[in-house]
Amino acid sequence: MRDSKRYVGGRFVESNSARREFLSASGLGIGAMALQAMLAQDAAAIGASQEAKPLGVLPAFHVPPKVKNVIFLFMAGGPSQLELFEDKPLLREYHGKLPPESITQGRRFAFLPADAKLLGTKRTFQRYGDSGMELSGLLPHHQKIVDKVCWLRGMKTDVFNHGPAKLFMNCGFQTPGRPSMGSWVTYGLGSESKDLPGFVVLQSGPRGPRAGNTLWSAGFLPSRYQGVPLRSQGSPILDLENPAGVTSSMQRSFVDATNAMNQLRYEETMDPEIQTRIAAYETAFAMQSSAPELMRLNDETPETLELYGAEVGKSSFANNCLLARRLVERGVRFVQLYHTDWDHHGGKNADLDEALEKVCAEVDQASAALVLDLERRGLLDETLVIWGGEFGRTPMGEPRDTTGRDHHVDAFTMWLAGGGISKGKLFGKTDDLGFSVIEDQVHVHDLHATVLHLLGIDHERLTYRFQGRDFRLTDVHGRVVQEILA
Amino acid sequence: MLPFRRTMTQSVLLSVVLTSALIGFSTACKAQSEPIDYQVDVRPILSNHCFACHGFDEDSRAADLRLDIAPAVATSIDSAGVTSSDASESAETSDSPSAIVPGKPSESEVVRRIESNDPDLQMPPPSSNKPLSARDKQIIARWIEQGARYESHWAFKSFASPQNNSESSVSKAVAEQGNESGSLHPIDSMVRHRLAALGLPPSPRADSSTLLRRLYLDLVGTLPTPEAIEEFQVDDSADAVERVVDELLSSPQFGERWGRFWLDQARYADSNGFTIDGARVMWPYRDWVISALNADMPFDQFTREQLAGDLLPDATKLQRIASAFHRNTMINEEGGVKADQYRHEAIIDRVNTTGAVWLGLTVGCAQCHTHKYDPISIDDYYRLYAFFNACADSNSTAPTIEVLEGEVFGLPPSVQKDLEELKKLQRDEAAMKAEVQAALADDAVPALDWKPIAALHALGRDGDKELPLERLEDGSLRVPKELQGNSRYQIEYVYRHEIDAKPITAVRLRAIPDASLPNQGPGTAGNGNFVLTEIEMLRGDSPLSFSKAWASHSQPKYPIGHAIDSDAKSGWAINVDADQVKAKPGLKMNTEHTAVFALKDPLAPSDTPIEIFLHHDLNDNYLIGRFALEYSTSTIEQQREAPTKELAQVEARLAEIRGRLPNGGKSVAQMVSKDMEKPAATYRLERGDFLSPDKSRGELPPNIPEVFAQGRPESMQTRLDLANWLVSERNPLTARVMVNRVWMRLFGVGLVETENDFGFQGAAPTHPEVLDSLARQWVQTGWSLKGLIRSIVTSATYQQSSKWREDVERVDAGNKFLARQSRIRVDAELVRDQALSAAGVLEMRVGGPSVHPPQPAGVYNFTQTPKTWKEDTGANRYRKTMYTEFFRSAPYPLFTTFDAPDFSNVCTRRSRTNTPLQALTVANDKVFSELAMFLVDRSERAVLEQQNVIGELPVVSERIDWMMRFALCRRPTKVEAQRLEDFYLSAKETARQNPSDVPTEKMAWFQVARVLLNTDEFLNRE
């Protein structure tokens, strides 16, 4: 079978001459089985060539890839590193005092008044594992993975409002319109999954993340690279269900008839795009059964469900973590989970007491389970798991009804796990009050460069020409953080 | 000559390498003598590989070497592009190796460097990731050999006279071809001249049905009816196409189709963007665009009104509405945002959008640093910024203008009449209300004599529960605890004939505090308050009206008048606020308060009982807890008459008029542009950071980039100055850029492939003579968009077949030279509009607020705040898709799936993809299923209507025939007809085996209809 990509009329088209000939010969009577067999063959051929060559627009890997897939557990709202990962005794000592002006000068905060006082945490910390990572009691399950992940305690971002900061963490730019990391990656590398989208987004928590679709937008890249939201209730993908009264076999014959008409038109006009459309209808049809199959968690053993804390038929972060594993098992390139809401300013349902405990309980077990489950299935080596939010929280408390902290961009914590990543490494150090990174800072651009590097991509060479300029995920910044690579 | 910093020795060593390279070069190039075109061949290479370090940007310039302009003028001319020069005149002697020695590639350091394999010497350096290809190197060497002639950038050159080189040479060549060219459309002459050079014949004209469908889709965005197609097919008059084109251009749908094209560039959306993404009102601006295009407003005026409509002398309301172009920027409504930051973001977007739309330049690059490729410095950027830094809006919707629905299109006389009357009545209403209010005002309670009302019955009623009110020793009444909610009290009393009994003139209500009530107040609310919404008095069945009411005290916004205004949503209450206490020290809520109600007509004694009702309809459990009622027969002095009856009449008339006016005659507030009286000072923002203005360099006044400085007005201050310059003859870009974009819409790709980059990095035009002659003609004939479109679509080049040709593919892959038309996947909007059109249900109403066709469930599962999407059921369900409400954070899914952007930024060209999600949408979405059913019905009706006329065809094939004509605008071929008929029969059989709510026959036709709406042909303009 000859498979090639050609550049026609300003875009890449896949032309598959064997399929074309086959369809042409068979006319209206294209059998579903024959075509599916053909698709399976395609998939097999691609599977075999995966090591050698990316499936997207990149002609070759820039560096040897360490991982194939990415799962980004996005903690929307900005988890407080000072309640979870960073013990600052000095903050407790100076609790209720004004921070030194020399430190706060020039910093902008979203909500804090000028006289905001330092806030010592009431949480107690302990060191765990060989790494000696500090964790508060809020994340007990994380104790099991302290030595399996790399802790980035010197994260830094540029923007302090949720929407812009989420865009920045996803797209490397703070206003909408740029492609997100998942789009860049599927653009460059394609996806092994033939009947599921290459970039999938899942959501849990009381509401969607701030900024919505723009977070998984393909920006100026062709829209096929945009993230596709999978819904946990109802139809997982929009328009996945047949129209009322149309059975699966009727849908099959509808697709056959449509493609037969398309084939006739192809013979008339010879436009290669028609072949792409024929393939698209086949993939769509396959997706109609593969997506619901993906969502059926009752295939999983009770032990696995328990590991995650997942429950069949429920909509939760735990279920989504399990779905994320199922997605990468099926070759989906980039999976992103959003969980709301970590925005603990203080006030009703937003305090660092019960509200924080609640969200930690929702997230802790499944996050750890995902790492453990991927590991025992041998998938962790080819998957990168990223955990973190759009920013951290301030060393000062916010003067609201209950305890809370404002958005902090200058120092926060994330963790990475998976192929090519140092296990149990503590990277980055902040000052004694937690204002700034004093050692081993990882800027968002650096994180992006590192993620691309692990996937086999040089972040400076994955570019897209738009409005006269070559754009890239890391803009004109970014450094691969070699120190955290295994 | 500028010296290189490497040593001579290195250079000499290199020449050995170079010589061998050159030998290879000359044998490889067959047409060595063929002239190298600087514009087409050389500049793109230099721009892409060299200018980043050896270009316009001083700060990043390496080795003091500029390659973007001729060496001799490099130091004296600081604006590349407008200066043309011949480098050979400027050869100088120098000890250092010269970068470029015209005519002598082997002596040119540039050639040595690009041919070098030494990583330390090689140019571009390996670290740049931008290696030159062998062909690139050859072109540079040949260009130097041929004299290294620089030319100013084609796009920046004036096209005012037809003496433009490329154009005149082609015209001459075309003329030489003989008589034939005389009768040819100018576009065709020029296109064919280039095709002839490639040895490619043009394609024949598309068949009539394809051509008509193409014209309809391109000009108005709908499908022609079978009748229109038939008529066109048999019309063999010479001007058949012209007549159709004129008809379509004058259709109101034209403004919608091309309005959408413009709205992409305006980044129009119905929401504010960012995280909250609340709805906004911008549709009057959309109306304006449609209306302006339908009126064929000259593009220069179109530009001025949108960029600076508010600044035009005596700006009309429509011009102010038009000035919303730059209010389509986003607003961040998130908590904790700093307005200054998002004001800055909006200005940045305005500068970049203006650059992209009118200049086709990526000025945005210069936001952080001087442009690497194009002659736009960071100071140029902030001078452009200064035009917009005067804006009065700051991450806010204000300033706005009030607009009525339909106002932009001109309101019909009947509506205007209604509106005038509405205005007058509203004034009357206000005046009367004021009078009523004055009559009811809380002036001093008149001193009267009071006697208790001894109730016969006193009941309280809470829903179904009815209980007697407790009678206390002092004759007052108290509500039993069991009565709560919105209980109503009913007191019955008979005012009998007795000696000296005079008519009752007034009733007094005393609200009495009681220790058993909450907070020891007179009311049952937690704080002791109550809200009396109405006091009602009847004798027998006749209601008695009050002319006036007074109270010892009324809570702000709860005056006593509210108890006699027949409005259950307003009432009298007794809380106190600080101002009242200040005015009346000692005033408090929980004490006795009295209200006096004057009867309009004094009430004579009678045996007929009087009933008094006290209503508490507004708040739950805000009852009067304890009260007493009294009456007076004293004369009340000088009552002011409240015009209540007249007011009621006015209100009835108002309701009637509002009922028939769109949006009840209410206007909406649309954002408009406005400048501050004192514009903010603009400084260079280092690295684009708005918090670090570089004041040391001084203020940057508004101005256009230096490169365009020639002949610009002495001073430029406002957006109007900018707009005027953009459409002046001094700026050749606007016309070229727009003509190219119009061309792109009609051919799929522009004459300049990089339609958004007319700078040095952009592609050169494939047909510069076509571009320039169209641009010139466009400007000279008054910037008529309709005229421009007409001149393109009447060419044979436009009308030719889009069928793929192997010979074209071999010689001209990508069909740049237009030996055929292109098949173009229709825009997202047209995917649905075509289906509406095929189904015969498209609602043609033009303009107005956005609408809500069916949308699959779950769209807002992923947004921060769910949006309201009230699915339209009436005609609005079938409006053109461009009217569908657009939320930036979660667009109507069809848009995203079919490549409409989210309009966060300007969109000058949409991408066109072909994906499985698109297949799912058209195959399964409710919208398309519904329309497929309508197509089934329409074909059935057509068969029934026509049965007598075309009797010979069997009904099934006849119906297939109709469906094809409705959906694909042509009749099926024999093979297609046979296959669809087979499919119909098998679908019927399957439907029989899988019964559903849809009858078997209908299901089978539904399947056929779905197939047609899902064909690639349907989704493409051919």
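Author: First, a term. Two residues are in contact if their C-beta atoms, placed from the backbone, lie within 7 Å. Keep in mind that this is a predicted model.

Reader: How many residues of chain B are in contact with chain A?

Author: The contact has two sides. Chain A brings 70 residues to it.

Reader: Which element supplies the largest share of the side of chain A that touches chain B?

Author: Helix H6 (162-171), strand S8 (228-229), helix H8 (248-269) and helix H9 (273-295) of chain A each give at least two residues to this side. The largest share is 12 residues, and its source is H8(A).

Reader: How many residues of that side of chain A are charged?

Author: Take the side of chain A that touches chain B. Its residues include 27 nonpolar and 28 polar ones. The charged count is 15.

Reader: What do the buried residues of H17(B) pack against?

Author: Helix H17 spans residues 378-388 of chain B, and 10 of its 11 residues are buried. Among them are Tyr381(B), Arg383(B) and Phe387(B). The buried residues of H17(B) pack against three elements of chain B: helix H16 (339-359), strand S16 (684-685) and helix H21 (719-726).

Reader: Over which residues of chain A is the pLDDT below 50?

Author: Chain A has a mean pLDDT of 87, with 89% of its residues at 70 or more. One stretch falls below 50, yet has 60 contacts in the model beyond near neighbours in sequence. That stretch is residues 1-51.

Conventions: Residues are numbered from 1 along each chain as its sequence is written. Chains are lettered from A and ligands numbered from 1 in the order in which they are written. This is a predicted model: local features need pLDDT of at least 70, side-chain atom pairs count only at pLDDT 80 or more; totals for chains, interfaces and linings use all residues. Helices (H or I, at least four residues) and strands (E, at least two) are DSSP runs, numbered from the N terminus. Ala, Val, Leu, Ile, Met, Phe, Trp, Tyr, Cys and Pro count as nonpolar, Asp, Glu, Lys and Arg as charged, and the others, Gly among them, as polar. A residue is buried if 20 or more other C-beta atoms lie within 10 Å of its own, exposed if 12 or fewer, and partly exposed in between; C-beta atoms are placed from the backbone. pLDDT is the predictor's confidence in each residue, from 0 to 100.
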